[in-house]
Amino acid sequence: MAETRIKGLSELQAMLDTLPAKVEKNILRSALRAGAKPVLAAAKAGVPVRSGKLRDSLRITTSGKGGTARAAVTTRLFYAKFVEYGTAAHEIVPEVRSALGFGGVVTEKVEHPGGGARPFLRPALDGQKEAAVLAAAQQIKKRLTKAGLSAAADVEVEADDG
């Protein structure tokens with residue numbers, strides 16, 4: 001299993017603690033967004049495509065609340081969870097009886113067999129976690145170096161295939 005190591009993390013945290021809260025928050029959100037990009041690309045590559053709407057709706061969102069920054073790959077399409085997790089067999093009963101008609105025959109209910117899960121988000125996260133950590137660490141180093149903070153050069157990120 002591949003392992004990612006970050007050397008100098010405690011020194012990095014000490015440096016981040018000296019920055020104004022807004023600057024630290026911006027650097028961390030930028031790093032989290034960079035880390036989410038490989039996951040987003042893998043999710044888009046792995047999503048089942050019928051019309052392309054689900055694939056095209058995938059986005060990275062970031063937020064910060066209570067001193068915690070977070071990034072996520074999200075969609076606003078309600079059916080994404082049905083694709084990811086599948087659905088159980090269920091009965092469809094319409095509010096208007098005539099709503100269920102096939103070939104001129106109207107029926108009161110339909111037994112839906114359900115649908116199997118076709119996960120795309122979890123495999124994307126599992127397959128890209130090392131790439132996400134590396135991208136986030138590199139973005140932090142880049143932003144700190146750009147800001148002229150030399151201690152950023154002491155942070156080392158390595159990925160071991162082991």
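1. Lys146 is exposed in this predicted model.

2. Is Val73 buried or exposed? With a relative accessible area of 19%, Val73 is buried. Because the buried class requires a value under 20%, Val73 falls within it. In terms of secondary structure, Val73 is part of strand S3, which spans residues 68-74.

3. The surroundings of Val73 deserve a separate remark. Once neighbours within four places in sequence are set aside, Val73 is in contact with Ala36, Val39, Leu40, Leu58, Arg59 and Leu121. As for Leu125, a C-alpha to C-alpha distance of 9.5 Å separates it from Val73, while the two are 52 residues apart in sequence.

4. How many salt bridges does the structure hold? The number is three. Side chains of opposite charge can pair when their charged atoms come close. The individual pairs are taken up in the next three points.

5. Arg122 and Asp126 form a salt bridge in which the closest N and O atoms are 3.3 Å apart. Both residues sit in helix H5, and because they are four residues apart, about one helical turn separates them. Arg122 is partly exposed, at a relative accessible area of 49%, and Asp126 is likewise partly exposed, at 39%.

6. Lys109 is paired with Glu91 in a salt bridge, with 3.2 Å between the closest N and O atoms. This pair links distant parts of the chain: Lys109 is in the loop between strand S6 (105-106) and strand S7 (110-112), whereas Glu91 is in strand S4 (residues 90-92), 18 residues apart. The relative accessibility of Lys109 is 43%, which places it in the partly exposed class. Glu91 is partly exposed as well, at 40%.

7. A salt bridge also joins Asp56 to Arg55, with the closest N and O atoms 3.1 Å apart. Asp56 has a relative accessible area of 41% and is partly exposed. Arg55, at 29% relative accessibility, counts as partly exposed too.

8. Turning to the fold, the chain contains five helices and eight strands. Their order along the sequence is β-α-α-α-β-β-α-β-β-β-β-α-β. Among the contacts with a separation of 6 or more, 63% are between residues 24 or more positions apart.

9. Finally, some totals for the surface and interior. Of the 162 residues in the chain, 25% are buried. The chain exposes about 10800 Å², and carbon and sulfur atoms supply 55% of that area.

Notes:
Residues are numbered from 1 along each chain as its sequence is written. This is a predicted model: local features need pLDDT of at least 70, side-chain atom pairs count only at pLDDT 80 or more; totals for chains, interfaces and linings use all residues. Side-chain values use heavy atoms; hydrogens and water are left out. Helices (H or I, at least four residues) and strands (E, at least two) are DSSP runs, numbered from the N terminus. Buried means under 20% relative accessible area, exposed over 50%, partly exposed in between (1.4 Å probe, protein chains only). Contact means heavy atoms within 4.5 Å. Accessible areas come from the Shrake-Rupley method with a 1.4 Å probe; for residues, only the protein chains shown count as cover. A salt bridge is a side-chain nitrogen of Lys or Arg within 4 Å of a carboxyl oxygen of Asp or Glu.
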